[in-house]
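We'll hop from one stop to the next, and each stop says what to pick and what to look for.

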Amino acid sequence: MGPARWLALGSLLALSALLEGRLVGQEDAGFGECDQFFYAGTPPAGLAAEGHVKICQRSEGTEHFATLYSTRDRIPVYSAFRTPRPLPAGAEQRWLVEPQIDDPNSDLEEVMNEADAITTVSNLGSKQALSTDYLDSDYQRGQLYPFSLGSDFHTAMFTLTNAAPMTLTFQERWYMNLNSLMDQALTPQCGSGDDLYIITGAVPSDSKVKDKVTIPEFVWLAACCALPGGGWAMGFVKYTRDGDVIEDVMVKELEKLLPFNPQLFQNNCGEAEQDTEKMKKILEVVNQVQDAERMVRSKESASPLSGTRSQRSALLPPDAPEERSSFLGSLIGFIATPFIKLFQLICYLVVGILKSIVYCLWYVTKQVVNGIESCLYRLGSATVSYFLAIGEELASIPWKVLKVIVKIIRALLRILCCLLKVVCRILGIPVRVLVDVATFPVYTMGAIPVVCKDIAVGLGGAISLLFDTAFGTVGGLFQVAFSVFQRIGYKVTLDSSGEL
């Protein structure tokens with residue numbers, strides 16, 4: 001291996017440490033930080049299914065696009081991005097893998113070179129496509145997010161999670177269509193392009209490459225311009241069959257062609273406020289792109305070899321220089337190999353130290369932020385609970401006062417009721433009885449002397465009666481005795497005795 005290849009490999013390993021492809025949990029509704037690549041921050045509804053994973057493609061600390069990847073078909077369902085711009089000529093394609101798709105327990109949170117992942121990632125290739133799956137086949141690793149639409153030199157754009165099998169001819173024409181549409185129609189009709197949202201996807205067919213990677217039946221693109229007062233939405237479809245040109249469709253028609261009939265843009269990208277004039281201009285450019293593609297196809301049919309070479313030279317990046325085969329080149333490579341190895345070791349050490357420092361600072365910051373967040377949450381909860389308690393007490397004061405007033409009124413009404421009852425009962429007593437009761441003391445005091453007199457008369461009568469009874473009894477006894485004596489012969493006269 002020559003010095004140029006070693007330097008390229010060393011730069012790739014150093015650069016790969018700056019790349020991140022974060023998997024987003026299925027419990028999350030969106031794509032985390034990559035929600036910014038969707039219109040109104042809302043991903044397409046209805047396309048997520050079992051076996052799909054959400055990836056937020058990041059590079060050098062910046063999010064670049066979002067991908068929904070199918071681990072069953074091993075191709076992306078769609079990729080979403082914004083503000084696409086052509087990549088500078090001469091950019092080199094680099095393909096990386098996502099470790100956490102095959103090994104969810106992996107602590108590798110960055111995309112990495114496939115060769116390095118073989119020894120560090122468990123079950124590599126069990127759920128995602130690898131470069132070896134494309135070897136000895138008629139298909140290339142075609143990007144849904146083409147490198148020619150990138151904003152800069154970013155390796156994350158060349159991850160295998162963003163590629164689907166395409167023939168070389170189809171790939172070249174797809175990229176040619178996208179370049180023409182973006183440069184001549186979509187971006188010019190959306191201001192500066194900052195409000196342009198792009199979603200590209202692939203619909204799987206029943207065919208697979210090496211019985212692993214599903215070949216798309218067609219690829220599609222949906223564009224939404226959220227320019228205030230002048231927005232629009234368009235869709236495009238290109239079938240993988242030979243001879244088919246790119247077709248323009250309305251977004252609703254495109255949604256009917258996709259599985260599960262999803263909704264790609266919330267509120268259909270502001271359908272009520274879309275600018276039909278701009279859409280007409282876009283369709284005019286689309287017709288020109290279709291005519292140009294038909295012309296290219298006709299030229300290819302006349303001279304396929306020259307046409308293919310010309311397109312490849314215009315669309316694909318230049319190949320890396322071949323390694324020298326001379327003895328001098330071999331000697332230089334032999335001498336430079338230890339220094340390159342040392343350079344790689346230093347790069348690994350520096351990157352590892354930097355990563356450790358960054359992870360340590362990130363962990364400390366995270367703990368501090370979590371602690372502050374926890375304290376603020378508790379303080380907020382206590383404050384809210386305190387004010388709620390005070391509010392409940394303040395709100396209950398009028399009710400309690402009202403209850404006391406009601407009880408007082410009830411007591412007054414009861415007292416009044418009792419008084420009315422007493423008055424009614426008093427008014428119900430006859431007047432004569434009231435007069436008798438009122439004059440009873442007078443009669444009583446006046447009757448005391450009469451009663452005493454009657455008692456004295458009664459006692460005198462009783463005593464007189466006793467005397468009369470005693471004298472009457474004694475007289476009767478004498479009279480009986482006299483009669484007895486007279487009967488037995490004694491004659492007693494009143495004259496001789498002078499008594500009786």
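Is Cys-424 buried or exposed? Select it: at 53% relative accessibility, Cys-424 counts as exposed. Here buried means under 20% relative accessible area, exposed means over 50%, and partly exposed is in between (1.4 Å probe, protein chains only).

Some ground rules before moving on. This is a predicted model, so to speak of local features we need pLDDT of at least 70, side-chain atom pairs count only at pLDDT 80 or more, and totals for chains, interfaces and linings use all residues. Residues are numbered from 1 along each chain as its sequence is written, and side-chain values use heavy atoms, with hydrogens and water left out.

**Stop 1: the disulfides**

Now pick out the cysteines. With a disulfide taken as a pair of cysteine sulfur atoms within 2.5 Å, the count comes to 3. Number the bonded cysteines in sequence order and the pairing reads 1-2, 3-5, 4-6.

Select Cys-34 and Cys-56: their sulfurs are bonded, S to S 2.0 Å. The link of Cys-34 and Cys-56 is right-handed, with 75 degrees about the S-S bond. Cys-34 sits in the loop between β1 (19-24) and β2 (52-59) and Cys-56 in strand β2, so this pair ties together parts 22 residues apart in sequence. (Helices, H or I of at least four residues, and strands, E of at least two, are DSSP runs numbered from the N terminus.) Cys-34 is buried at a relative accessible area of 0%, and Cys-56 is buried with a value of 0%.

Go next to Cys-190 and Cys-225, whose sulfur atoms are 2.1 Å apart in a disulfide. This link is right-handed, at 95 degrees about the S-S bond. Cys-190 lies in the loop between α4 (168-186) and β9 (196-209), while Cys-225 is in strand β10 (residues 213-225), so the pair ties together parts 35 residues apart in sequence. Both Cys-190 and Cys-225 are buried.

Step over to Cys-224, which is joined to Cys-269 by a disulfide (S to S 1.9 Å). Look along the S-S bond for 80 degrees and a right-handed link. Cys-224 belongs to strand β10 and Cys-269 to helix α6 (residues 267-270), so this pair ties together parts that are 45 residues apart in sequence. Cys-224 and Cys-269 are both buried.

**Stop 2: a buried threonine**

Select Thr-67 in strand β3 (residues 62-70). At 0% relative accessibility, Thr-67 counts as buried. Show its contacts (heavy atoms within 4.5 Å): leaving out residues up to four places away in sequence, Thr-67 touches several neighbours, among them Phe-31, Val-53, Ile-55, Tyr-78 and Asn-162. Then turn to Ser-79, whose side chain makes a polar contact of 3.1 Å with that of Thr-67. A polar contact is a pair of N or O atoms within 3.5 Å; within protein, one must be able to donate a hydrogen and the other to accept it, and residues adjacent in sequence count only if both atoms are side-chain atoms.

**Stop 3: along helix α9**

Finish at Ile-346, found in helix α9 (residues 327-428). Ile-346 is partly exposed, with a relative accessible area of 44%.
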